[in-house]
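Subject: Structure handover

Hello,

My notes on what was found in it follow below.

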Amino acid sequence: MAKPTCPICGDATDPAYRPFCSARHRDRDLLQWLGEGYRIPGGPAAPEGLDNPEEHD
C-alpha cells in the first residue's frame with residue numbers, strides 16, 4: 001500500500017494533520033476554501049437566490 005502524501009507538497013502526511021504534512025499546509029488549504037480559491041462547479045444561481053429576505057422556510 002502506498003504511503004499517503006500531502007496534497008499540497010507531496011511529502012509524507014503527519015497523522016496529527018492528515019491528509020496534510022503540517023499545520024501550515026492544513027491552514028493554507030482552509031484559507032483556499034474560505035477565500036473562494038476552490039470552487040465546486042455548478043449552474044448559475046437564480047437571481048432571487050439565497051440572499052432574498054422575503055423567501056424563508
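The chain exposes about 5300 Å², and carbon and sulfur atoms supply 53% of that area. Accessible areas come from the Shrake-Rupley method with a 1.4 Å probe, and for residues only the protein chains shown count as cover.

Before the details: this is a predicted model, in which local features need pLDDT of at least 70 and side-chain atom pairs count only at pLDDT 80 or more, while totals for chains, interfaces and linings use all residues. Residues are numbered from 1 along each chain as its sequence is written, and side-chain values use heavy atoms, with hydrogens and water left out.

Overall layout. Of the 57 residues, 11% count as buried; buried means under 20% relative accessible area, exposed over 50%, and partly exposed in between (1.4 Å probe, protein chains only). Among contacts (heavy atoms within 4.5 Å) with a separation of 6 or more, residues 24 or more positions apart account for 0%.

Helix α1. This helix covers residues 23–34 and includes Leu30. His25 also lies in helix α1 and counts as buried, at 8% relative accessibility. Leaving aside residues up to four places away in sequence, His25 touches Cys6, Ile8, Cys9 and Phe20.

Cysteines. How many disulfides does the structure hold? There are zero, a disulfide being a pair of cysteine sulfur atoms within 2.5 Å. For Cys6, the closest cysteine sulfur is in Cys21, 3.9 Å away and so too far for a bond. For Cys21, the closest is in Cys9, at 3.6 Å, again too far for a bond. Cys6 is buried at 3% relative accessibility, and Cys21 is buried at 19%.

Surface patch. Leu30, Leu31 and Leu34 form a nonpolar patch with about 340 Å² of accessible area together. Patches are made of residues with over 30% relative accessible area and no salt bridge, with like charges joined within 9 Å and nonpolar side chains (Val, Leu, Ile, Met, Phe, Trp, Tyr) within 5 Å; a salt bridge is a side-chain nitrogen of Lys or Arg within 4 Å of a carboxyl oxygen of Asp or Glu. Leu30 is partly exposed, at 46% relative accessibility.

Regards

Terms used
Helices (H or I, at least four residues) and strands (E, at least two) are DSSP runs, numbered from the N terminus.
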